[in-house]
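Hello,

Here is the structure I promised to pass on to you. Have a look at it first, and then read my notes below.

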Amino acid sequence: MKKVFAYEPLCLNCRLCEVACKTAHSKSKNIIKAYRFENPQPFARVRVMGDNADSVAVQCRHCDDPLCVQGCITGAMQKGADGFVLCDTERCIGCMTCVAMCPFGAVRVETVALKCDGCTDRPIPACVEACPNRALFVRESEVSND
């Protein structure tokens, strides 16, 4: 499976990854409509943490043994056969257990849990494609469903 990795020294804190992610997860797939006209507003699944001197994009690591899945009381967080950890928003009750369990701070709750889905509908994840300094990159990783 392809995983997104961040290389902190190259992150410029431009937040273009957040813009691309929010647009990719919008209904319209249009940056202006996504930011100005869509209701409810779409949310980015990646967040830049830090300041201009020291920052990094944080998104789901799709762990081999994901704690968010273990802690999910409704079974909404699930690891698929493809290795991606996804949230079934129909089952999520927004209890925030997954937020507490994630050691990377990659899950957030906006009514329901939101996290990186790997942009599996795209050849290259939106955040990686938008990163002007190549601080985000994709690397092939083995799928482990222990």
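Predicted model: local features only at pLDDT ≥ 70, side-chain atom pairs only at ≥ 80, totals over all residues.

Let's start inside. The largest nonpolar core has 17 residues, and those touching the most other members are M77, C87, C92, C98, V107 and A113. Two strands, β5 (85-87) and β7 (112-114), each give at least two residues to this core.

I31, I32, Y35 and F37 make a nonpolar surface patch of about 420 Å². Of these, Y35 lies in helix α2 (residues 31-36) and counts as partly exposed, because its relative accessibility is 33%.

Finally, the charged pairs. How many salt bridges does a search of the whole structure find? The search finds 3:

- R15 and E18 meet through their side chains at 3.0 Å, N to O. R15 is partly exposed at 31% relative accessible area, whereas E18 counts as buried at 17%.
- R108 and E110 form a salt bridge whose closest N and O atoms are 3.6 Å apart. E110 is partly exposed, at 32%.
- R122 and E129 meet at 2.5 Å, N to O. E129 is exposed at 51%, while R122 is partly exposed at 29%.

Enjoy exploring!

Best wishes

Technical notes:
Residues numbered from 1 in each chain as written. Heavy atoms only, no water. Core = buried A, V, L, I, M, F, W, Y, C linked by side-chain atoms within 4.5 Å. Buried < 20%, exposed > 50% of the residue type's maximum accessible area, 1.4 Å probe, protein only. Helix = DSSP H or I, 4+ residues; strand = E, 2+ residues; numbered from the N terminus. Patch = residues over 30% accessible without salt bridge, like charges linked within 9 Å, V, L, I, M, F, W, Y side chains within 5 Å. Areas by Shrake-Rupley, 256 points an atom, 1.4 Å probe, with all protein chains shown as cover. Salt bridge = Lys/Arg side-chain N within 4 Å of Asp/Glu carboxyl O.
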